[in-house]
Amino acid sequence: MTAESDERPTITQFTDPMCTWCWGSEPVIRHLRVAYGNQIRIEYVMGGLIEDFDDFYDAANDISEPSEVGPHWLEASEAHGMPVDTAIFDEDPAQSTYPASVAYVAARQQDETLASRYLRRLREAYATQVRNVNRREEQVEIAASVGLDVDEFTAALDDGTARAEFEADLSRTRATGVRAFPTYEIDGPEGTRLAGGFQSFEELAAALTAVAPSLEQHSPPTVERFVADYGPVATREVAEVYELGDGKTRQTLRALADDGVVRCESRGNGLFWHSTTGGDS
């Protein structure tokens, strides 16, 4: 990491790989990446949502075991628009969110850019592909798919360095006073803002402007290019980045599918779109 990159305004998301509202924030994160590009940094701190379901109770949603999470996911999906497949809670639910968090940290120790892709794939696999990403084979497969060095990745898991850095993330989360996931810390030359809970693009953009007034937003590329660069993308992500209604978004994507430049995949209660011309890293 260069000194110049350290000086860029930074959005830190305190997060968890299995939190549905963090999964629901993916369209906003991608909107930020497209709008600001390399003017900003986006980093992630693992907050540790559930250490062990045996000792967990979410009073707000009356959840004390994995089998009770499915209805909450569906309700959240209706609000944030990202697809979910609740079959994971019948077939292979996670007992903890810690192992997947440690896996992300192992990726981050190797390469921050690849780690961001890795976290996205962790979220996607658990939320929409009925894959328990606490399992080592899933973690390794995803690591290979985003271009991480698998030997280095597994070494970090096995020698305790990733776990130790995860514990440091937990300490930072507590010290920051985080009470909800996601929570955002926005840092820039004019100060710091903290925003707890799900945030819209407009809210985060306003916070960025407050701490870094010189930032400029850029127009997005073509939808075809966006799908190639970020795919697979959910319908909601295209709607968010291009500020389109659901009907117009579907119409746009169907037209691209008819032209053969994207293909559609059904997962859970939603659709994902893959480029047929490149990308889908």
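Is Cys 19 buried or exposed? I looked it up in this predicted model: Cys 19 comes out at 7% relative accessibility, so I put it down as buried.

**Cysteines.** Next I checked for disulfides and got a count of 0. The cysteine sulfur closest to that of Cys 19 belongs to Cys 22, and at 3.4 Å it is too far off for a bond, because a disulfide needs the two sulfurs within 2.5 Å. Cys 22 is buried too, with a relative accessible area of 0%.

**Strand S2.** S2 pairs with strand S1 (residues 10-15) in the parallel sense, over 6 bridges. In that pairing I found Thr 12 opposite Glu 43.

**Aromatic rings.** My count here is 10 aromatic pairs. One of them joins Tyr 44 and Tyr 104, with centres 6.3 Å apart and planes at 85°, so I noted it as edge-to-face. Tyr 44 sits in S2 and Tyr 104 in helix H6 (residues 98-110), so this pair ties together parts 60 residues apart in sequence. Tyr 44 has a relative accessible area of 4%, and Tyr 104 is buried at 3%.

I also looked at Trp 73 and Tyr 126, an edge-to-face pair at 5.7 Å centre to centre and 85° between the planes. Trp 73 is in helix H4 and Tyr 126 in helix H7, so parts 53 residues apart are tied together. With Phe 89, these two make one aromatic cluster.

**Last check.** Arg 267 lies over the face of Phe 272, 4.2 Å from the ring centre.

Note on methods:
Residues are numbered from 1 along each chain as its sequence is written. This is a predicted model: local features need pLDDT of at least 70, side-chain atom pairs count only at pLDDT 80 or more; totals for chains, interfaces and linings use all residues. Side-chain values use heavy atoms; hydrogens and water are left out. Two strands pair if DSSP finds at least two bridges between them. Helices (H or I, at least four residues) and strands (E, at least two) are DSSP runs, numbered from the N terminus. Buried means under 20% relative accessible area, exposed over 50%, partly exposed in between (1.4 Å probe, protein chains only). Rings of Phe, Tyr and Trp (its six-membered ring) pair if their centres lie within 6.5 Å; planes under 30 degrees apart count as stacked, over 60 as edge-to-face and the rest as tilted. A charge sits over a ring if NZ of Lys or CZ of Arg is within 6 Å of the ring centre and within 35 degrees of the ring normal.
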